Amino acid sequence: MPNYATYAKLALVSLIWGGTFVAGRYLSADVPPLLSACLRFFLASMTLIIFISIKNNLIIELSKSQILRLITLGFFGVFLYNVFFFYGLHYTDASRASLIVALNPALIALTAFFVEKEKISRTNLIGIMACVIGAITVILSKSTITHSSSELWKGDLLILGCVISWVIYTVFAKKIVLEIGPIHTVTYSVIAGTGMLFMALIFQGGDSISAMTLITQKQIWSLVYLGIIGSALAYILYYDGIQNIGATKAGGFIALNPLSAVILSFLILGEHLSISMLLGGIIAITGIYFCNK
């Protein structure tokens, strides 16, 4: 029978992650990208440590292979993803970025098929294609551009890096999630990725410390949303979804991200929202239904 509870959790994750594009765009305007990433995942790490200490044992026995895989997940899913994310949002709109990330389901399914040998039925394939068509429809419909062509090119390329990083993170996390569980996988990979971000910040140097004193109260709330809700809580729910229904189906819900991100970008940031964008979102949601059929 369909796992409706898991589907509801993954839909909530997509809504939360849609909001991260808005919060990230708001931060990237004034706060250095690497500093934003560090503060976001410092909050995420602390939240996860507290959560896992209350609910489970914080320290579990890991093999060298598992430690290496967790570090790899932290590199791709936390370090690289967030470097691409915050630098990309510095050059492009939140709604546009979320539409590029909507290409994730197709790439996740393709990678899982070739690497993890996950099955893709004809119905699932139709759903994946619909997700992609929905994303492309919204991308082609976007007419209001607030950046120069060169900035958009940089932003699009950097956000594409997010897609590749997340595909690797999602597909290659499945095995270790089954071995140690989603909560420990999330916590250890986030801690590893956070350490890498801080090392990069120290190596970069500059005026990061002085920039912290200029962060406004609204930006602090954005960081709280990104770190605690958009990272700690959402990562746990997402990994739980992978464990229950697999990487391909869980990844399909990422197609909901652009719909929520575009709507929130319109309401909060004043970015353009058109009928064509809503149509693309409906196509993507239909694709999710067939992806999980």
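User: Is Ile 268 buried or exposed?
Analyst: In this predicted model, Ile 268 is exposed, since its relative accessible area is 57%, and exposed means over 50%.

User: Where is the place of Ile 268?
Analyst: Ile 268 sits in helix H12.

User: Which residues make the nonpolar surface patch?
Analyst: Ile 268 belongs to that patch, together with Ile 263, Phe 266, Leu 267, Ile 275 and Leu 278. The patch covers about 590 Å².

User: And which elements give two or more residues to it?
Analyst: Those elements are helix H12, spanning 256-269, and helix H13, spanning 275-291.

User: Which one gives the most?
Analyst: The greatest contribution comes from H12, which supplies 4 residues of the nonpolar patch.

User: Changing topic: how many disulfides does the count come to?
Analyst: The count is 0 disulfides.

User: Is Cys 38 buried or exposed?
Analyst: Cys 38 counts as buried, because its relative accessibility is 0% and the limit for buried is under 20%.

User: And Cys 162, buried or exposed?
Analyst: Cys 162 is buried, with a relative accessible area of 0%.

Key:
Residues are numbered from 1 along each chain as its sequence is written. This is a predicted model: local features need pLDDT of at least 70, side-chain atom pairs count only at pLDDT 80 or more; totals for chains, interfaces and linings use all residues. Side-chain values use heavy atoms; hydrogens and water are left out. Patches are made of residues with over 30% relative accessible area and no salt bridge: like charges are joined within 9 Å, nonpolar side chains (Val, Leu, Ile, Met, Phe, Trp, Tyr) within 5 Å. Accessible areas come from the Shrake-Rupley method with a 1.4 Å probe; for residues, only the protein chains shown count as cover. A salt bridge is a side-chain nitrogen of Lys or Arg within 4 Å of a carboxyl oxygen of Asp or Glu. Buried means under 20% relative accessible area, exposed over 50%, partly exposed in between (1.4 Å probe, protein chains only). A disulfide is a pair of cysteine sulfur atoms within 2.5 Å.
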